[in-house]
Number of protein chains: 2
Amino acid sequence: PIRLESLSVPSLLKHVKGFSAEAERPAMNGVPQRGKLLTLDNMNPKVKRVEYAVRGPIVQRAVQIEKELREGVKKPFTEVIKANIGDAHAMGQKPITFLRQVLALCSYPELLKDNQFPEDAKKRAQRILEACGGHSIGAYSASQGIECIRHDVAHFIEKRDGGIPSNPDNIYLSTGASDAIVTILKLLVSGEGRDRTGVMISIPQYPLYSAALAELDAVQISYYLDEDKCWSLDVKELRRALYAARQHCNPRVLCIINPGNPTGQVQSRQCIEDVIRFAKEENLFLMADEVYQDNVYAEGCQFHSFKKVLFEMGPEYSSKVEMASFHSTSKCYMGECGFRGGYMEVINMDPEVKAQLTKLVSVRLCPPVPGQALLDLVVNPPQPDEPSYATFMKERTAVLAALAEKAKLTEQIFNTVPGITCNPVQGAMYTFPRISLPQKAIDKAKEEGQVPDMFYCMKLLEEEGICLVPGSGFGQREGTFHFRMTILPPTEKLKLVLKKIKDFHLRFTKEFS
Amino acid sequence: PIRLESLSVPSLLKHVKGFSAEAERPAMNGVPQRGKLLTLDNMNPKVKRVEYAVRGPIVQRAVQIEKELREGVKKPFTEVIKANIGDAHAMGQKPITFLRQVLALCSYPELLKDNQFPEDAKKRAQRILEACGGHSIGAYSASQGIECIRHDVAHFIEKRDGGIPSNPDNIYLSTGASDAIVTILKLLVSGEGRDRTGVMISIPQYPLYSAALAELDAVQISYYLDEDKCWSLDVKELRRALYAARQHCNPRVLCIINPGNPTGQVQSRQCIEDVIRFAKEENLFLMADEVYQDNVYAEGCQFHSFKKVLFEMGPEYSSKVEMASFHSTSKCYMGECGFRGGYMEVINMDPEVKAQLTKLVSVRLCPPVPGQALLDLVVNPPQPDEPSYATFMKERTAVLAALAEKAKLTEQIFNTVPGITCNPVQGAMYTFPRISLPQKAIDKAKEEGQVPDMFYCMKLLEEEGICLVPGSGFGQREGTFHFRMTILPPTEKLKLVLKKIKDFHLRFTKEFS
């Protein structure tokens, strides 16, 4: 390529990307158009490779259809139901009273004088405000998060894990879990060519992972969950994927999502032990995405934190395996996605690396303080002797019970439809059923330049107003097709959604048979 | 390097970084210690290069000293005054009533029934809630930000810029301005070797820029502000820096901070025109960091937005120059740093690139919704016919008037100290005075392995309890020394701070003479 600085300005212009096209472009407002400086061709190629199906083209089309409906365009439906994302409040779930009372008090401390607020809510708000600079949630916090909240998180983890100690210095508050996950990946990524860091992620996966790996130019190592065994994880498959990857990159990280997204499985204690043993043997840094830890519905299933299992395996493991685990205010019973609250706990991290982590998060100053406050309430909820306890427990239980009911309902109804097979939704907030698509539909999709499950989901959206995410956005075994749907709509609406999908699927199958 | 997969497990272990040191390490709990998987040696080298002085070692030491004070350790002072960061509330500034009332209403909508809240606050809250999924700020928003808030931002910009149109589709809400700045840099960075993207930043600069460039592996191109001319920007210096950089990289971006951080200058309209003309001639993407746009104090100075000047220069410019400008809820009169609210407007961005930008921000789902709500109030404050107007204006004016007074006071007092020279604080929230350091102090610093201004600031912290940021954290001309101090402490405390620095400086100069 010609070096720009060696050219005069007029000759230089010829070499500016897109400039040569100038002559063919129409003049606008009398001013000739020139090519852009920043184009698809010369922008960051890593960003270009990023994909994020959960908010991809299908969601953009859904938003467009909503607009058309508002403008009076006639459709076979009157409302778009967005079952594409785990967004509880958007699906009508009411916020937990206690959480919001404390947040209102923190936002406008004048309300502390108000008798309508229970004493425990006031006490929590006062404690949070005292920990803030100038007693205002409008001040920056420490970059790692407000100290007393990190202590509360550590206590929460200790209690959850049956007394296994947690050090507040290992807690980092974050802007939702996504932020913390990307931050840890950033630390771990290095190397060129065959030395590039490889990161093992499940297929199906939550596409934050593949997106972050694309942006960071790390190698994605896919291991497959076993659909026939309720999306369980088999260490043999981890080993297969790892050994194959060692031929072309440097595998350093193993990511696990438990309970699973998009697949809803809950890992057994035995399986977690196997994974930890594997990580230790193979020198892998463990990332445990545990944001759905309260969302366990199936009988016989229970949430086991990786931290707890690690420590129960004895000092040979608990002093060695390097790990980060992630939690969020966006899921569980509270579903407060908009606040972008979260934390991670790092375990056995080299102190020098931890100093680098602390430095790295300081560049963004601090996670949103209202989200930190909210997290504090989640890890330190009303206690039995406090006035808000009864209401809090009632609200919390109602949300989780309804989710358990909807998990069951979804599985049952889908499995009545010929051509749809659906594993039990043991946990999390999603179902990921498998759909059989007729060959003619697959051909038609190809003709239109779409992957078959995108073709299916687009048609479902256009005909029924239901927005799902095609399985291809999460990854799936070659030749199989799925979609992800949240189980969050209120029960009656969920029944309607399931019926509409059923009708559509039968119609679709017929149309392309 | 030896390929790991070709080795047996025992021989492999010898090659695991840090493992060879095992024999020398003591056994803990009977378990031999092994080296870490993730170490300073094998972590991401780009992250290692990141520096962020505003929250660097001096602030860590300040936090430690605060702890020591709480534990009863005797010091020559009773309180650490952190003048290192533009954090208004932490320095005692009270939140603006109207903003916080609306936020409380949004957090806990039960309060909408409450008569203590003014009607305009309720109206704003209702409007925001109606624009949220499920009418809750706990729902995710669109990744680009809530639509009606983007409209309000566009109206705000139009009004600010005398009617020049702003398109809500070009507005992206963000997690503070830092988030948006890094996002735009991400799009622009590409290339290897001599083709690596070069980004022009001022020296002194706000270290978010250098940190982001280190992480993204882009080339920093430094242009110097003219301290002798009140930190003004000279296009000749831009040209010098650009032409030199073209020898070794591909300069594509010009970043400007106006009003200046850390230097407090306010750019003249003429200078902005010159910069825009330069950017156009030299094919540079412009990034205008305008987060201090309300913070202009000096007589004869006025804030001119880059957008406005660009459009006033005629279609030859306004249809061509590609630009992004940034704003935040953290500065100005509101100082709501903890909410992490902000926005950017992109101008003349290629539609395909914009689609990539929208995709990229979607991976992080959305900016914090409370911060979006706050931003909405900042761009759509109480109007003269609304009940909150009088109080709002009174509070706003009081904050800005006090800042103007403190800006003047700071300059005046510093300039009475032999060995300190201080430009007028025309705007923003900082002063960046130059300090003369005796050669003996410089030698002593070198002896202790510190840069001289860090040595100076550390000593000031230990002796007087005042936390400043050394000029080296922002960049400065070789052989000159500075520090950054915020002018945010309340007037009486600021006077005390200035007196302490004065006494310290005289003492320091004497000690090392």
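1. In this predicted model, D289(B) has F326(B) as its bridge partner in β7(B). The two strands concerned, β6(B) and β7 (residues 323–328) of chain B, run parallel and are joined by 4 bridges.

2. On the pairing with β5 (residues 250–257) of chain B, 5 bridges join that strand to β6(B), and here too the strands run parallel. Within β6(B), L286(B) is the bridge partner of L254(B).

3. Is strand β6 (residues 285–289) of chain B mostly covered or mostly open? The strand is mostly covered, since 5 of its 5 residues count as buried. In a regular strand, side chains alternate between the two faces of the sheet. For β6(B), F285(B), M287(B) and D289(B) lie on one side, with L286(B) and A288(B) on the other, and all of them are buried, which leaves both faces of the strand covered.

4. Turning to the contact between the chains, 84 residues of chain A are in contact with 86 residues of chain B. Several helices of chain A each supply at least two residues of the side that touches chain B, among them α4 (97–107), α7 (176–188), α8 (208–216) and α14 (369–379). The largest share of that side of chain A, 6 residues, comes from α13(A), the helix that spans 351–362.

5. As to composition, the residues of the side of chain A that touches chain B divide into 40 nonpolar, 25 polar and 19 charged.

Methods. Residues are numbered from 1 along each chain as its sequence is written. Chains are lettered from A and ligands numbered from 1 in the order in which they are written. This is a predicted model: local features need pLDDT of at least 70, side-chain atom pairs count only at pLDDT 80 or more; totals for chains, interfaces and linings use all residues. Two residues are in contact if their C-beta atoms, placed from the backbone, lie within 7 Å. Ala, Val, Leu, Ile, Met, Phe, Trp, Tyr, Cys and Pro count as nonpolar, Asp, Glu, Lys and Arg as charged, and the others, Gly among them, as polar. A residue is buried if 20 or more other C-beta atoms lie within 10 Å of its own, exposed if 12 or fewer, and partly exposed in between; C-beta atoms are placed from the backbone. Two strands pair if DSSP finds at least two bridges between them.
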